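Welcome! Take a moment to look over the sequence and the model below, and then let us walk through some of the features together.

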Amino acid sequence: MSRPADTVLVVADPVQPEVARSLDLGGYSWKAAAPGETDEAGGSWAGVIVDASVDPDSAWAALRAIRRRPDTLVPVMLLVGGGQLDDLEHRDELFDDFCLTPFHPAEFGARLRHLLVSEVDLQRADLVEYGELTLNLETYQAHIDGRPLDMTYMEYELLKFLAQNPGKVFTREILLSRVWGYEYYGGARTVDVHVRRLRAKLGEEHAGLIQTVRSVGYRFGQSRWDS
Amino acid sequence: MLEQQRDYVLRSVEERGVRLIRLWFTDVLGNLKSLAISPAELDNALSDGMSFDGSSIDGFSRIQEADVLAIPDPDTFELLPWGDPQAPEARVFCDIHRLDGSPFEGDPRQVLRRHVQSAHEAGLTFYVAPDIEFFYFEPPTVDDGSVGRPVPIDNGGFFDLTTNDVTGDLRKQTIRTLETMGIPVEYSFHEDAPGQQEIDLRHTDALTMADSVMTFRLAVREVAARNNVHATFMPKPLERVQGSGMHVHLSLFRGDDNAFFDEADAYNLSPVAKAFMAGLLRHAAEITAVTNQTVNSYKRLVPGFEAPVHLSWARNNRSGLIRVPIAKRGNPLATRVEYRSADPACNPYLAFSLMLAAGMRGIEEGYELPEESDANLFEIDDAMLDKLGIAKLPQSLSDALAVMERSTLVQEALGEHIFEWFLRNKRSEWKAYKTHVSAFERDRYLTAL
């Protein structure tokens with residue numbers, strides 16, 4: 001069972017199949033409630049999605065009910081049809097972001113991620129950020145420039161170690177023992193090979209995040225002596 | 001570590017919404033095989049493997065011991081950069097095991113794993129970097145079951161850069177795809193022949209590189225197909241122009257030190273490097289049926305097309321079998337030998353296994369390296385090497401099989417199962433070729449005789 005704080009509340013009756021599918025694909029745990037039942041749904045939520053495209057009036061009522069509750073900071077995403085944009089006027093305080101429905105799943109997913117990341121994940125300690133790079137230590141996921149960065153386990157572990165210690169120079173031997181463990185037999189060239197693979201995946205633009213420090217080892221990001 | 005790796009893979013599948021996981025493995029001839037499973041089955045597959053009927057795979061089981069187990073190697077888990085981004089797919093390479101859990105002797109990846117491990121027991125790590133050549137053609141026409149004459153998509157030459165550079169764009173897309181999958185590229189350029197390309201991969205350990213070559217061949221074809229172009233690794237698709245080779249740069253490291261480097265030597269080659277080269281030279285003919293496994297392979301290994309013919313080595317003569325590239329700025333880490341006969345249609349697991357086995361035999365037995373066949377760079381040609389009595393690589397698949405059959409080195413290195421199956425399979429290929437009447441014969445004889 002996931003804690004309510006990790007769960008998204010979907011206020012809709014019925015929940016559009018596209019919404020359900022996107023949430024499932026995005027790996028969110030979620031719960032549905034009809035517009036009149038938000039109080040009964042109780043709990044504190046990671047976020048709330050309110051679908052106003054079917055029955056706008058009860059959706060506005062549900063939004064006000066949500067904003068009246070003690071946890072008024074819960075991020076709210078509103079789903080509206082293309083003809084309803086005028087209805088948003090003077091209702092700015094009721095939602096944090098909105099998405100036109102029918103939506104493109106990628107847009108919905110991106111907006112939702114953005115909404116929940118900015119509101120929830122930043123409060124967590126298990127997020128490593130450096131410039132355009134974000135590593136989520138809980139979900140093992142990495143993003144650069146907002147696009148997902150897919151890595152093998154060892155590439156991820158190496159990047160994580162480096163990103164957690166920006167500006168610091170590590171010898172290959174230290175990286176080998178800290179990331180791979182002493183029992184690994186490949187020698188420090190393993191580190192070089194993995195750094196090259198990581199740079200390839202980061203792409204030309206960001207390959208410089210991992211710098212070679214000549215005849216010493218590697219450094220992630222800017223030197224702490226540069227300003 | 002394995003537990004964390006599994007956890008990482010399972011979590012990635014969940015987070016990235018992966019819909020399908022392709023379990024990859026390779027048959028004895030080097031064809032990529034894939035078994036697709038749903039994410040729900042992955043946990044089970046990672047811990048217990050997936051069983052399947054091996055008798056349907058070339059060179060795997062005999063009928064009575066048909067079932068084998070594919071166990072994913074979690075460190076090779078990668079998302080596939082092509083396909084529908086809304087329904088991502090991933091691949092993971094597998095090791096094939098018997099149902100009792102022991103390594104399956106028909107699996108080429110297990111063969112290479114065994115060789116890499118025994119080198120490791122001698123304190124050595126085997127690094128490999130292939131330069132892979134291939135051709136881009138217009139999609140081939142198939143008429144009445146036979147494939148039409150291939151048409152190159154351009155008329156470019158070595159290093160050519162033209163304004164309307166279709167091939168350059170294809171190469172760029174391919175390199176981006178490879179890099180997304182963690183396969184760094186060192187160089188890429190237009191090769192000598194029309195439509196011919198070369199992409200050089202950066203060195204890595206032999207097992208990872210064999211996996212990378214398999215991925216490479218698929219990625220090149222996938223990107224080409226998306227652009228309505230046919231990419232082929234056929235060794236000699238066109239007469240009168242050079243064929244496609246896979247030159248393999250080899251080095252051995254002892255910890256962080258290049259075991260091939262010796263500052264005191266005039267060529268910066270250590271005794272280990274020389275013995276390794278001697279092993280390669282002495283056993284080259286025996287391993288050729290595997291490094292050049294098609295009938296067509298031997299139409300590349302002829303004089304005049306920058307392909308090796310003789311069992312010779314030199315520092316800079318590109319017609320030699322082994323070349324010792326001059327390391328940039330004398331960098332000790334870059335000292336290596338380049339084995340030039342293999343072609344990109346080989347099974348990389350078996351080819352790398354045999355190169356390592358031949359070289360290691362040279363080290364173990366302390367073979368003496370023969371004289372360099374190249375006093376004057378580029379001066380000595382194949383005709384001269386013939387006069388000097390330097391032996392040749394096998395001249396046909398049939399010759400190569402005859403030499404391989406007598407080789408205890410190859411028999412031990414491949415294991416009885418693959419050795420036996422490979423010989424029988426290739427004998428039958430040769431037989432089919434021998435009884436075929438070609439256009440050459442009809443053109444030459446039909447009216448004249």
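## Before we start

Two strands are said to pair if DSSP finds at least two bridges between them. Please keep in mind throughout that this is a predicted model.

## A covered strand and its partners

With that in hand, let us look at strand β4 of chain B, residues 67–72. Strand β3 of chain B, residues 50–53, is joined to β4(B) by four bridges, and the two run antiparallel.

How many of the six residues of β4(B) are buried? Five of them are, so to speak, under cover: the strand is mostly covered.

## A closer look at His97(B)

Now follow β6 of chain B to His97(B), which is found in that strand. Is His97(B) buried or partly exposed? A residue needs 20 or more other C-beta atoms within 10 Å to count as buried; because His97(B) has 18 C-beta neighbours inside 10 Å, it counts as partly exposed.

Which residues does His97(B) touch, leaving aside its neighbours within four places in sequence? It is in contact with Gly49(B), Val68(B), Leu69(B), Ile71(B), Ser102(B), Pro103(B) and Phe104(B). Leu69(B) lies 28 residues from His97(B) along the chain, yet their C-alpha atoms are separated by 5.0 Å.

## An enclosed helix

Next, find helix α8 of chain B, which covers residues 348–365. At 1.5 Å a residue, its 18 residues should span 26 Å, and the end C-alpha atoms are 26 Å apart, which agrees.

Of these 18 residues of α8(B), 16 are buried, so the helix is largely enclosed by the rest of the structure. Just after α8(B) comes Gly366(B), which takes a positive phi of about 60 degrees.

## Chain B as a whole

Stepping back, chain B has 13 helices and 18 strands. Its radius of gyration is 22 Å, close to the 22 Å that the globule rule gives for 449 residues, so chain B is as compact as a globular protein of that length. Along its principal axes, the C-alpha trace of chain B spans about 65 × 60 × 50 Å.

Buried residues make up 45% of the 449 residues in chain B. Among the contacts in chain B with a separation of 6 or more, 70% are between residues 24 or more positions apart.

## Where the two chains meet

How many residues of chain B are in contact with chain A? There are 28 of them, and they meet 24 residues of chain A. The elements of chain B that give two or more residues to this side are α1 (2–15), β5 (78–79), α4 (166–180) and β12 (204–205). The largest share, seven residues, comes from α1(B).

By class, the side of chain B that touches chain A has six nonpolar, twelve polar and ten charged residues.

## An open sheet in chain A

Finally, visit chain A, where four strands form an open sheet in the order β6-β7-β8-β9, with antiparallel pairing. The edge strands are β6 (127–130) and β9 (147–148) of chain A, each of which pairs on one side only.

At one end of that order, two bridges join strand β8 of chain A, residues 141–144, to β9(A), and these strands run antiparallel. The bridge partner of Ile144(A) in β9(A) is Arg147(A).

Key. Residues numbered from 1 in each chain as written. Chains lettered and ligands numbered in written order. Predicted model: local features only at pLDDT ≥ 70, side-chain atom pairs only at ≥ 80, totals over all residues. Contact = placed C-beta atoms within 7 Å. Nonpolar A, V, L, I, M, F, W, Y, C, P; charged D, E, K, R; others polar. Buried ≥ 20, exposed ≤ 12 C-beta atoms within 10 Å, placed from the backbone. Expected span 1.5 Å × (residues − 1). Rg over C-alpha atoms; globule rule 2.2 N^0.38 Å.
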